[in-house]
Amino acid sequence: MFKKRIVEKLLPVVSLMVALLLTVFNAEGQTTGPADANFYPGAIWPDNNGVHINAHGGGILFQNGAYYWFGEHKIEGKKGNSAQVGIHCYSSKDLYHWKDEGIALKVSDDPKSDIARGSIIERPKVVYNSRTKQYVMWFHLELLGKGYGSALAGIATSSSVTGPYQYLKSFRANSGKMPFYPAGTPENDKANCSDTVTNANKFFCRDVSSGQMIRDMTVFVDDDGKAYHVFSSEENYTLQIAELNDEYTGYTGKFVRVYIGHQTEAQALFKRDGKYYMLGSGCTGWAPNAARWFTANSIWGPWTFHGNPCQGPGSELTFKGQSTYVLPVEGKKDAFIFMADLWKPENAIDGRYLWLPITFKGDEIRINWLDKWNLNLFDQQPHNSP
Ligand code: GAL
């Protein structure tokens, strides 16, 4: 009787402990991330060691059945806004639980190196090149001590997805080259750098010989294996989309200018039913602004601007976030995750991640805030916004 009462009293406590242990340890005995299989936008997101994921301005590569998340490793304080460590990599099979795979690209201890500690290395994106069997990491690079004045892209390669990546080179884009104009481009939109240069073309023309500036950026690989570098150029006023060579380590020289003079940053591209979608932000540094989206039937455009895809309270500031990537979920139709950073420039390491589902109304996209959600949302047909 006495024993039974003790057991009855202890039972809830024991079950609670077992439940807690089960949520904290997975089958391999590793500690897991969130206590359950859900996304909690804006919350601390623990990795397999219980440490908040440190992969800001990131992108994700799906390879050999796993997702690999690459992002800027930040440290505490304002100093964390520059590269003190390198590019961090995590892996996951389910997108909720992430294993720390370490630093994929390390900053250099040599202050003369392009990727010296204290330089700025932002928005890394890794793509796999099946011809060369190399993983190619592209990033926005600013040389040590030069603020944001260098405006370069850097690349590093590895034969293993998690690295280590070897730094190769840095450059501006397409020096000596003029843009490609798809059929139907109005004469007025064509840059003329030999006669009187209009205001809209002044930075473009200034940089033709030295190469175009590169700041916020992403890399997009199309279904046919062709890859494109998409970046803020011309003092951040204009987007450029530039075709990459077969090795993904440089340009072919073919590029277009998009949404001239409108300062689009934080580009993220995806393709659905043959249509290209691009998300981006305005240009207000670490402070949030309204997101924007575009569509095109060809990567070369014309790109149509559609305004802000976010809806509801907080939508005018992208729920305090700024886009970094759109992740197609493997094995699910029309399942795309909008990935954004909630920057914390005063204490960079505390930056958070806003992952939200993209919903479609025909060809239109919507992004709504959710405190908590999971991938089952994509199985509800249609997963349209109101
Ligand atoms: C943002 C940009 C970030 C970072 C920041 C620096 O606009 O998206 O990647 O460069 O400015 O102020």
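In the predicted model, the shell around the ligand consists of two nonpolar, two polar and four charged residues. These residues are Glu122, Arg123, Tyr148, Asp216, Glu265, Gly285, Trp286 and Gln322.

A polar side-chain atom of Asp216 lies 2.5 Å from an oxygen atom of the ligand. For Arg123, an N or O atom of the side chain is 2.9 Å from a ligand oxygen atom, and for Gln322 the distance from a polar side-chain atom to an oxygen atom of the ligand is 3.1 Å. The ligand taken alone exposes 310 Å², of which 90% is buried by the protein.

Open space was examined next. The largest pocket contains about 650 Å³ of space. Its lining is made up of 30 residues, and those nearest the centre are Ile60, Phe220, Val221, Tyr325 and Pro328. Two or more residues of this lining come from each of strand E1 (56-63), strand E5 (120-129), strand E9 (217-221), strand E13 (265-272) and strand E18 (322-328). By class, the lining of the largest pocket comprises 19 nonpolar, four polar and seven charged residues.

The second largest pocket has a volume of about 330 Å³. It is lined by 17 residues, with Thr185, Asp189, Arg257, Val258 and Pro302 nearest its centre. Twelve nonpolar, three polar and two charged residues form the lining of this second largest pocket.

Across the whole structure, a search gives two cavities of 30 Å³ or more. The largest cavity holds about 70 Å³ of space. Residues lining the largest cavity are Glu72, His73, Lys74, Gly80, Asn81, Ser82, Ala83, Gly86, Ile87, Ile120, Ile121 and Glu122. Strand E3 (86-92) and strand E5 each contribute at least two residues to the lining of the largest cavity, and the largest share, three residues, is that of E5. In terms of class, the lining of the largest cavity divides into four nonpolar, five polar and three charged residues.

About 30 Å³ of space lies in the second largest cavity. Phe39, Tyr40, Pro41, Trp45, Tyr353 and Trp355 line the second largest cavity. Its lining has six nonpolar residues, with no polar and no charged residues.

One disulfide is present in the structure. The bond joins Cys193 to Cys205, with an S to S distance of 2.0 Å. The angle about the S-S bond is -80 degrees, and the link of Cys193 and Cys205 is left-handed. Cys193 is placed in the loop between strand E8 (166-171) and helix H2 (202-206), and Cys205 is in helix H2. The two cysteines are twelve residues apart, and the pair links distant parts of the chain.

Technical notes. Residues numbered from 1 in each chain as written. Predicted model: local features only at pLDDT ≥ 70, side-chain atom pairs only at ≥ 80, totals over all residues. Heavy atoms only, no water. 1 Å grid on protein atoms, 1.4 Å probe; cavity = no way out; pocket = protein on both sides within 12 Å on 5 of 7 lines; lining within 4 Å. Points joined across faces, edges and corners; volume = space filled by probe spheres on them. Helix = DSSP H or I, 4+ residues; strand = E, 2+ residues; numbered from the N terminus. Nonpolar A, V, L, I, M, F, W, Y, C, P; charged D, E, K, R; others polar. Near = heavy atom within 4 Å. Polar contact = N/O pair within 3.5 Å; in protein donor to acceptor, adjacent residues only side chain to side chain. Areas by Shrake-Rupley, 256 points an atom, 1.4 Å probe, with all protein chains shown as cover. Disulfide = S-S within 2.5 Å.
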